[in-house]
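These are my notebook entries on a structure that I had not examined before. I set down what I looked up, entry by entry.

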Amino acid sequence: RDSEDVANLEGFTQDWLYKLMYGTDAADGFRGLAARRPTADSAYTWKDTGSGSDLTSIWLFEFGERGFNFRYPAGTQPGIISDDRGLHKVPIPAGTGSMWAWIRHFEIAAGMEIKNEKALLRLANIETGGETFPTNTFIKMKNQLPQMGRDAVAFANRTVHALVETAAYNKTNMSFSISDVEGFGPVARIVGIPAMFWETIVDTESAIS
């Protein structure tokens with residue numbers, strides 16, 4: 001049961017992260033990050049040279065109460081809440097009949113607050129089959145952050161993260177580095193900003209203009 005709960009928790013988390021990135025729900029007034037940065041304007045959203053529908057993005061956040069943060073309703077706690085609700089008789093997944101099943105309820109409550117719009121920046125139109133990272137554009141983005149990169153973190157999927165790591169291991173490229181973070185391990189950095197992994201950023205975004 002514990003191993004099933006771990007798998008369900010991972011699926012639940014990935015689904016939430018995907019909706020945080022790309023979700024929209026007009027009824028609840030929810031807009032994911034992509035919906036908040038849908039077009040290039042060189043203020044909050046930049047673009048690389050890619051075209052078509054095989055593209056991806058890297059996101060740059062500056063966290064803090066005066067930048068980008070999450071707010072939580074009274075009576076809730078940050079992160080994921082897990083509640084073991086015991087054994088229940090439930091309908092079988094297909095056909096008719098019922099079965100006994102252990103139920104664990106997962107819940108997450110978080111509201112996005114962008115206190116300063118420049119604390120959430122997107123670099124889109126990155127070719128998923130490309131071999132180079134758009135360093136110059138990223139540096140322009142960094143200099144638009146409220147504190148020019150202090151407390152900033154970049155997030156990318158496997159494709160772009162691999163480009164960053166490749167550049168970091170190339171010792172002739174001074175814009176990239178790898179350093180150990182206590183309790184976490186080696187972290188690739190772009191001009192000093194940690195580049196972290198976000199699984200649900202897709203490689204099939206359409207080009208923005």
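**Entry 1: terms and source.** I began with pairing: two strands pair if DSSP finds at least two bridges between them. Helices (H or I, at least four residues) and strands (E, at least two) are DSSP runs, numbered from the N terminus. I noted that this is a predicted model, in which local features need pLDDT of at least 70 and side-chain atom pairs count only at pLDDT 80 or more, whereas totals for chains, interfaces and linings use all residues. Residues are numbered from 1 along each chain as its sequence is written, and side-chain values use heavy atoms, with hydrogens and water left out.

**Entry 2: the chain as a whole.** I looked up the secondary structure and found 4 helices and 13 strands. The C-alpha atoms fill a box of roughly 65 × 40 × 35 Å along the principal axes. I took buried to mean under 20% relative accessible area, exposed over 50%, and partly exposed in between (1.4 Å probe, protein chains only). Of the 209 residues in the chain, 34% are buried. For contacts (heavy atoms within 4.5 Å), I considered residues at least 6 apart in sequence; 73% of these contacts join residues at least 24 apart.

**Entry 3: the open sheet.** In which order do the 7 strands of the open sheet lie? I read the order as β3-β9-β4-β10-β13-β12-β11, with mixed pairing. The edge strands, each pairing on one side only, are β3 (45–47) and β11 (176–181). I recorded that neighbouring strands of this sheet are turned by 30° against each other on average, direction ignored. Axes here are lines fitted to C-alpha atoms, for helices over the stretch in contact, and angles run from 0 to 180 degrees between N-to-C directions.

Valine 181 stands opposite glycine 185 in β12. I then followed helix α4, which lies across β4, β9, β10, β11, β12 and β13 and runs at about 100° to β11.

**Entry 4: a hairpin.** I turned to strand β6 (residues 80–91) and strand β7 (residues 98–108), which pair in the antiparallel sense over 11 bridges. Histidine 88 stands opposite alanine 101 in β7. The hairpin has 6 residues between the strands, and glycine 95 takes a positive phi near 85° there.

**Entry 5: nonpolar cores.** I used this meaning of a nonpolar core: a set of buried Ala, Val, Leu, Ile, Met, Phe, Trp, Tyr and Cys residues joined through side-chain atoms within 4.5 Å. The largest has 22 residues, of which Ile58, Leu60, Phe133, Phe138, Val164 and Ile190 touch the most other members. Elements that give two or more residues to this core include β4 (55–62), α3 (135–142) and α4 (158–169). Of the contributors, α4 gives the most, with 4 residues.

I checked valine 164 individually: not counting residues up to four places away in sequence, valine 164 touches Phe133, Phe176, Ala188, Ile190 and Ala195. There is also a second, separate core of 17 residues, with Ala34, Phe68, Met196 and Ile201 among them.

**Entry 6: aromatic pairs.** Rings of Phe, Tyr and Trp (its six-membered ring) pair if their centres lie within 6.5 Å; planes under 30 degrees apart count as stacked, over 60 as edge-to-face and the rest as tilted. My search of the whole structure gave 13 aromatic pairs. Tryptophan 16 and phenylalanine 70 form a tilted pair, 6.2 Å centre to centre with 50° between the planes. Tryptophan 16 lies in helix α1 (residues 2–22) and phenylalanine 70 in strand β5 (residues 68–71), so the pair ties together parts that are 54 residues apart in sequence. Tryptophan 16 is partly exposed at 25% relative accessible area, and phenylalanine 70 is partly exposed at 27%.

Both rings belong to a cluster in which ring pairs link Trp16, Phe61, Phe63, Phe68, Phe70, Phe155 and Trp198.

**Entry 7: positive phi.** Most residues other than glycine have a negative phi. I therefore noted serine 42, not a glycine, with a positive phi of about 55°; serine 42 sits in the loop between α2 (33–36) and β3 and is exposed, at 52% relative accessible area. Methionine 148 also has a positive phi of about 55°. Methionine 148 is found in the loop between α3 and β10 and is partly exposed, at 46%.
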